[in-house]
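Please examine the sequence and the model shown below. The paragraphs that follow take the chains in turn.

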Amino acid sequence: MIVEVDAARCEAAGYCQRLAPHIFQVGDDHSEVIEAQVDGDDLELAEEAINLCPTRAISVRHAESAGSGAAGG
Amino acid sequence: MKTTGTRQPRQWRPAGKDVPDLKAILRSEDLWPSRPDSEPFTGSTVLTLHKEAHFARRRLEAPLFTAVALLDYKRRILMPAIERHIERARDDQRGADGVVRVDLLPFLRSILVRVGADLLGLDLPNDDAAFERLSLLNDKLFEGTRLQWSSRDLDEAVAEGVEYKRLFTEEFVRPAMARRAALVARFRVGEIKEEQLPRDLLTQLLLAPHPIDEDDIVRECIVFLAASNTSTTSAACFTILELDEWLKAHPDDRALLGDVDFLRNAAMESLRLKPPTPIILREAHADIALPSGEQISEGERIGLDLRTVNRDPEVFGAEPDAYNPYRESKFHNFGFSFGPGIHVCIGQPLVVGTRASSGDPVDIDGILVLLLKRLYEFGLELDPADPVVHSPGGDTDVGPFVRFPVKLPSML
């Protein structure tokens with residue numbers, strides 16, 4: 001699975017980095033993914049990060065659905 | 001604000017001049033939330049905890065605000081509560097001229113206290129008396145969470161609030177907590193599965209890896225109940241006031257009052273200009289230099305005025321002081337009103353909703369928009385014969401309005 005951060009939504013609250021610093025890193029204005037491929041325990045952490053994120057900026061998708069993008073909004 | 005009591009709230013000084021300063025303040029690990037006057041009501045809660053303890057609490061409570069949870073609250077609690085109170089107004093509050101008139105403050109509070117009770121897990125019977133009692137206690141306890149802005153003698157206000165907290169604990173929290181503790185105990189020994197546990201605050205707090213004191217649980221309940229109720233009520237009222245003025249100048253937009261997108265933008269613009277918590281208070285635990293060059297010394301207590309940063313033309317465009325539901329901003333249209341940063345309001349998705357993404361497949365409207373839409377379907381308008389009464393303390397008062405009468409002329 002691939003984890004992504006929507007930079008336009010992210011407010012850099014930093015929960016994702018605190019939860020999984022090996023996957024997420026907070027920059028000046030938004031978080032970035034430093035380890036996009038997640039499986040096993042890391043996938044669980046990424047899924048928890050989705051719910052922790054106050055702006056719903058994080059998502060995970062199957063690797064083969066690259067470019068499918070967001071549903072809207 | 002002038003105070004009249006013998007013990008007054010702790011002092012603070014304004015800090016932060018612009019958006020870069022705001023981001024620095026709200027993201028700083030060395031600026032801790034500061035509500036010492038309200039310690040018996042907000043201490044050791046998600047509002048005031050910091051660093052690891054705060055993160056642990058947010059982690060515990062995050063399942064209450066997933067997309068699935070938001071949709072569940074809307075379907076199971078919010079919409080039935082709205083309809084129940086509309087029916088009651090239709091039956092009981094029709095004047096001699098046939099027009100239904102309601103004071104929106106008790107009307108919205110009655111709806112929102114039902115949502116809050118469910119969010120907490122209070123298991124109330126479906127009778128009005130229990131909700132009216134909870135609503136009364138919530139009003140009193142909310143005052144306890146806002147003592148910084150109180151004009152009363154603090155000792156007297158705290159003593160009164162503590163007594164209401166005792167009643168809230170005994171009548172509401174303790175019985176519900178006992179039922180949930182039994183369920184959590186059964187879950188821990190494998191008798192039931194996690195998905196069989198109720199999804200509410202009390203259950204989440206009882207699932208904490210390290211037990212949380214009853215008083216801390218009660219305070220968390222106070223904070224959640226107050227926030228889910230009063231902020232949304234004032235945001236809805238301010239939106240109605242702003243829209244009333246806007247529609248006088250733009251009468252064609254009256255046709256858009258049934259349009260969810262228009263109402264969402266109208267509500268967000270109102271939240272930008274009138275944040276429910278206008279000033280965010282922090283206490284410095286180290287010397288800090290803000291991007292503007294302003295220095296904050298360790299031990300200082302500062303206040304960040306969101307009404308100022310929410311009017312930064314660089315972010316919110318031309319004429320930032322003006323209400324404009326068509327505004328296009330570089331940030332959320334509601335500005336920084338939910339305190340983006342480490343302590344961003346955990347209930348933000350519940351109030352303003354979420355937009356579809358690859359993580360959440362559908363738009364979820366927040367409580368604020370859903371309430372406004374339903375009210376405007378009944379032709380909501382202000383009543384010139386019975387004007388809105390503002391609180392004497394202004395936006396930072398315990399509540400910004402004393403009365404908010406409206407007419408619902410299309411409610412047949």
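Two residues are in contact when they have heavy atoms within 4.5 Å. In chain A, residues 24 or more positions apart account for 52% of the contacts with a separation of 6 or more. The coordinates are those of a predicted model, in which local features need pLDDT of at least 70 and side-chain atom pairs count only at pLDDT 80 or more, while totals for chains, interfaces and linings use all residues. Residues are numbered from 1 along each chain as its sequence is written, chains are lettered from A and ligands numbered from 1 in the order in which they are written, and side-chain values use heavy atoms, with hydrogens and water left out.

Chain A contains two helices and four strands, where helices (H or I, at least four residues) and strands (E, at least two) are DSSP runs numbered from the N terminus. Along the sequence these elements follow the pattern β-α-β-β-α-β. Of the 73 residues in chain A, 44% are buried; buried means under 20% relative accessible area, exposed over 50%, and partly exposed in between, with a 1.4 Å probe and protein chains only. The accessible surface of chain A is about 3,500 Å², and 45% of this surface belongs to carbon and sulfur atoms. Such areas come from the Shrake-Rupley method with a 1.4 Å probe, and for residues only the protein chains shown count as cover.

A residue of chain B leads from one chain to the other. T66(B) lies in the loop between α3 and α4 (67-92) of chain B. When residues up to four places away in sequence are not counted, T66(B) touches N51(A) and R56(A). T66(B) is buried, with a relative accessible area of 11%. The C-alpha atoms of T66(B) and F187(B) are separated by 22 Å, and these residues are 121 residues apart along the chain.

Two helices of chain B can be examined through their spans and bends. The expected span of a helix is 1.5 Å times one less than its number of residues. Helix α7 (residues 154-188) of chain B has 35 residues, and a straight helix would reach 51 Å at 1.5 Å a residue, but the end C-alpha atoms of α7(B) are only 43 Å apart. A kink of about 45° in α7(B) is centred on T169(B); the bend at a residue is the angle between axes fitted to the seven residues ending there and the seven starting there. After α7(B) comes G190(B), whose phi is positive, near 85°.

For α9(B), the 36 residues should span 52 Å, and the end C-alpha atoms are 53 Å apart, which agrees. Helix α9(B) is mostly covered, with 27 of its 36 residues buried.

The aromatic side chains come next. A pair of aromatic rings is described by the distance of the centres and the angle of the planes. Rings of Phe, Tyr and Trp (its six-membered ring) pair if their centres lie within 6.5 Å; planes under 30 degrees apart count as stacked, over 60 as edge-to-face and the rest as tilted. Over all chains, the search finds 12 aromatic pairs. One of them is the tilted pair of F238(B) and F401(B), with 4.8 Å centre to centre and 55° between the planes. This pair links distant parts of the chain, since F238(B) belongs to helix α9 (residues 214-249) and F401(B) to strand β12 (residues 401-403), 163 residues apart. F238(B) is buried at a relative accessible area of 7%, and F401(B) is buried at 6%.

The rings of F262(B) and Y326(B) have centres 5.9 Å apart and planes at 50°, so this pair is tilted. F262(B) lies in helix α10 (residues 260-273) and Y326(B) in the loop between α12 (313-316) and α13 (348-352), so the pair ties together parts of chain B that are 64 residues apart in sequence. F262(B) is buried at 5% relative accessibility, whereas Y326(B) is partly exposed at 44%. Ring pairs link W246(B), F262(B), Y323(B) and Y326(B) into a cluster.

Backbone angles complete the account. Most residues other than glycine have a negative phi. K51(B), although not a glycine, has a positive phi of about 55°; K51(B) is found in helix α3 (residues 51-61) and is partly exposed at 34% relative accessibility. E319(B), also not a glycine, has a positive phi of about 45°. E319(B) is found in the loop between α12 and α13 of chain B and is exposed, at 61% relative accessibility.
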